[in-house]
Structures are given as C-alpha cells and as structure tokens.
Amino acid sequence: EWRFEFPEVLDNEGNFIGFDVVIGNPPYFSISTLDSQIQQYFLKSSFETFAKGSDIYCLFYERGFDILKPEGTICFITSNRFCFTNYGVDLRTYLSNKNIQQVINFNDLNIFENANVGSIILMLEKKRNISKNVLSLDFKSTHLPNKLDEVIHNNAKIINKNFYNSNQWNFDNNEVQLLKAKIESKAIPFINWNDIAINRGVTTGANNIFVINSSIKEKLCKEDASSLEIIKPILRGRDIKRFGISWSGDWIIFTKRGINIEQYPAIKKYLTYYQKELEPGIGRKPGNYKWYEIQDITAFWTKFEKKKLIWTRLSNANTFAISQNEEFSLDSTSFAVTNDAEYLCGILNSKVVLFYFKLGSVIWGKDGIKWFGKYFDYIPIPQISIEEQQQIIELVNKILAAKKENPKADTSQLE
C-alpha cells in the first residue's frame with residue numbers, strides 16, 4: 001500500500017511514480033512448492049518470468065523493474081542458477097531486453113554464511129536506449145579476496161550486450177564468445193544429426209536387486225535355462241571410458257513391463273525374496289508397474305542390442321565410446337543408435353567439444369558436468385564431406401582397436 005508505506009513514490013494526485021532505486025536479496029525457492037492458488041495468482045498476473053518450475057526470485061526481478069521510475073536502477077544479488085538452467089530461460093529472455101549495466105558472477109564462491117548457493121549481482125537501469133556493452137566480472141577463486149576492489153579493477157571485462165540473450169549465459173570475454181558463435185555457425189545440433197534419437201539407460205528403481213554379478217547369473221541359469229532370455233550384460237556410467245568400455249561383468253534382470261514372470265521360475269523365486277523392497281509405493285516410487293518389473297517402460301529396449309554410441313551422463317570430461325556387444329546400460333548413461341557412431345565418437349570426445357560445452361553446461365556438484373539436457377542436445381557437430389569424415393573415422397577406429405587391446409593404451413597422438 002504505497003500511500004502509507006512509501007508516499008514519496010506518489011505524485012500530488014496519488015498516482016504511482018516509481019522508485020529511484022530498488023536494491024535487495026530476494027528469497028529463492030521453487031514456485032512449484034507454493035500452494036496451487038498462489039501459483040494461479042502469479043499466472044493470472046501475467047508475469048513474463050513466471051513458470052511453474054522456475055524460482056520465486058525470477059518474479060522479483062520483474063516486479064522490481066516494474067516499480068522503477070524512468071532512469072531508475074535495480075540491483076539484486078540472487079542465485080546464479082537462472083544463467084544456466086532450463087527454468088531460467090524466461091528470466092534470461094526478459095533481461096535480454098533490458099539495459100544491463102553490471103554483472104558480477106561469483107560462481108561457486110559462498111558469500112553467505114548460511115547458504116550454499118552460487119550467487120550473482122545484477123544491476124539494470126530503466127532506460128529506453130540499451131547500452132551496447134556490459135561491465136562483467138566472473139570470479140574464478142573459491143575464496144573472497146581481501147582486496148576486492150583490486151580484483152574488480154584487474155579482472156572486470158567489457159562484454160557485448162548481445163551475448164546476454166535467452167541462451168545460457170557465460171561470462172567469458174568477447175573473443176571467446178565470438179569463437180563459440182563461430183563453432184556453432186559451421187555445424188548442426190547433435191540432436192538433428194541424421195535423425196538420431198538420444199535415449200537414457202534403464203531405471204530399475206532397485207539396482208542392488210536387479211543388477212547381479214556373474215555367479216548369481218550362472219546360478220539362475222543353471223536352475224532354469226530360460227533365465228538367460230532376460231538376463232543381459234549391463235554397463236554403468238563408470239564402465240564408459242573415452243573411446244572404450246570396461247565392462248565390470250555385471251548383468252541386469254530385465255523384467256520389462258508386461259513380462260510373464262511365470263515363464264522364468266528361477267528369476268521369480270529370486271525376486272520374491274525382495275518383493276517388499278520392490279513394491280511400487282513402498283520400496284520404489286509409485287507407478288503403474290508390477291513389483292517384479294523394472295521401474296521405467298523402456299519402450300526402446302531393442303535398441304540396446306544394436307551398435308550404439310554411449311556416454312556417461314555425469315562426468316568432468318567428455319566420455320564417449322561405442323557399444324557393439326549388445327550391452328544394456330543403466331540410467332547413469334545415455335546412448336544413441338546411429339550409422340555414424342565412429343565419426344560422432346571422434347567429434348564428441350574432442351577438445352573443441354569440451355571447450356564449447358564448458359562454456360554453457362550445467363555443473364553438478366563440485367566439478368561434474370551434466371552431459372544431457374537441452375544444451376547438450378545442441379552440441380554443434382561439424383558438417384563436413386564424407387571424405388573428410390572418413391579421415392576422422394579411420395583415426396577413431398585405430399584408437400578403438402588400441403583401447404580394446406589395452407584399455408590403458410596411450411592414444412593421445414591419434415586423438
């Protein structure tokens with residue numbers, strides 16, 4: 001109620017004029033945790049930055065900007081997650097049309113004692129003419145320096161405003177940003193490559209039960225030979241190496257949806273021992289599946305038995321290999337069936353892709369990189385001639401052969 005709380009922002013007729021400055025540290029929590037009626041209120045209020053999966057601080061940016069008078073300034077310190085995540089696209093789009101003056105990204109530096117969150121300071125001005133440049137500072141240190149002013153003076157950069165758009169933000173200098181754009185201009189997104197389909201590995205909901213070692217597998221098959229029909233070699237994320245697979249010898253009991261468990265008495269007997277732990281809604285998450293079935297539908301399961309490109313979903317480096325032995329894989333991996341597996345394996349394991357991906361990838365934990373999601377799907381794959389691809393394929397085949405013979409082989413020269 002502006003009349004009572006802030007009469008200075010009203011004119012003599014009681015009309016709202018606006019604030020000179022809005023400054024603060026808004027709260028941050030997912031809008032999805034709010035009561036549905038409150039969510040509906042925000043939706044009907046026509047917030048450009050509203051999305052059910054976004055964070056409440058996104059709305060604060062928009063509201064804060066709205067209550068500024070012309071030429072006014074807003075300066076917030078918030079979580080920096082909106083710069084990199086899918087939920088932040090609406091806020092990034094909103095801010096891209098505003099006059100961003102300064103950005104200080106603290107990365108993973110914890111500047112609040114009781115909050116383990118990466119932070120960013122953003123300053124905007126409410127002007128019609130948008131500046132072409134942004135004063136930007138990206139902290140690389142994990143400790144706040146004693147002489148903060150010196151760090152700002154020595155490390156702040158002038159960044160072209162066009163780079164602060166709806167895409168994931170990064171805070172490198174203009175030369176790096178231009179190089180990123182150049183890489184993109186000479187390629188097509190991975191997800192659009194020759195009708196490729198990217199799939200995730202199997203989610204069982206109980207790996208400790210469905211994933212078995214060789215001795216249990218042999219016991220089940222000896223007890224009932226039909227068990228072999230639904231016991232498949234399984235790969236975990238840690239089994240996938242660069243240009244090679246190091247199978248640990250584990251197997252998965254692949255009781256897909258709709259299976260007739262009575263045809264596999266030995267496996268039914270084994271799983272019955274763990275029935276309480278496997279019950280949907282009790283030992284595993286609720287769902288329309290029977291206690292002896294794996295948790296997800298995995299409609300694409302026949303693709304596991306084909307030659308495929310496979311990779312670890314969470315890794316500090318690009319880790320792509322080729323599976324040719326009909327291995328299944330767990331949900332810590334992703335895979336894609338393609339006729340261009342060797343070419344794609346070479347490109348995706350390259351230093352160029354690692355350089356590019358780190359510029360906008362989602363960091364998980366201390367230094368893990370999420371090799372999945374929208375940004376991953378759009379990794380640029382060079383469009384080159386079949387003859388040029390063949391040169392890469394020949395080198396990749398040599399690397400694959402060397403790694404197969406000796407997983408620790410030094411293939412750096414070939415790479």
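**Aromatic pairs and a helix crossing**

Trp 311 and Phe 376 are both buried (under 20% relative accessible area, with exposed over 50% and partly exposed in between, using a 1.4 Å probe and protein chains only). Please keep in mind that this is a predicted model, where local features need pLDDT of at least 70, side-chain atom pairs count only at pLDDT 80 or more, and totals for chains, interfaces and linings use all residues. Residues are numbered from 1 along each chain as its sequence is written, and side-chain values use heavy atoms, leaving out hydrogens and water.

**Aromatic pairs**
- The structure holds 39 aromatic pairs (rings of Phe, Tyr and Trp, the last by its six-membered ring, with centres within 6.5 Å; planes under 30 degrees apart are stacked, over 60 edge-to-face, the rest tilted).
- Tyr 28 and Tyr 57 make an edge-to-face pair, 6.2 Å centre to centre with 90° between the planes.
- Tyr 28 counts as partly exposed because its relative accessibility is 26%, whereas Tyr 57 is buried at 0%.
- Trp 311 and Phe 376 form a tilted pair, with 5.4 Å between centres and 35° between planes.

**Charges over rings**
- The charged end of Arg 313 sits over the ring of Phe 372, 3.8 Å from its centre (CZ of Arg or NZ of Lys within 6 Å of the ring centre and within 35 degrees of the ring normal).
- Lys 98 lies over the face of Phe 65, 5.3 Å from the ring centre.

**Helix crossing**
- Helices α11 (residues 341–348) and α14 (residues 386–405) pack at about 85°, their axes 8 Å apart (helices are DSSP runs of H or I, at least four residues, numbered from the N terminus; axes are lines fitted to C-alpha atoms over the stretch in contact, and angles run from 0 to 180 degrees between N-to-C directions).

Definitions and conventions: Helices (H or I, at least four residues) and strands (E, at least two) are DSSP runs, numbered from the N terminus.
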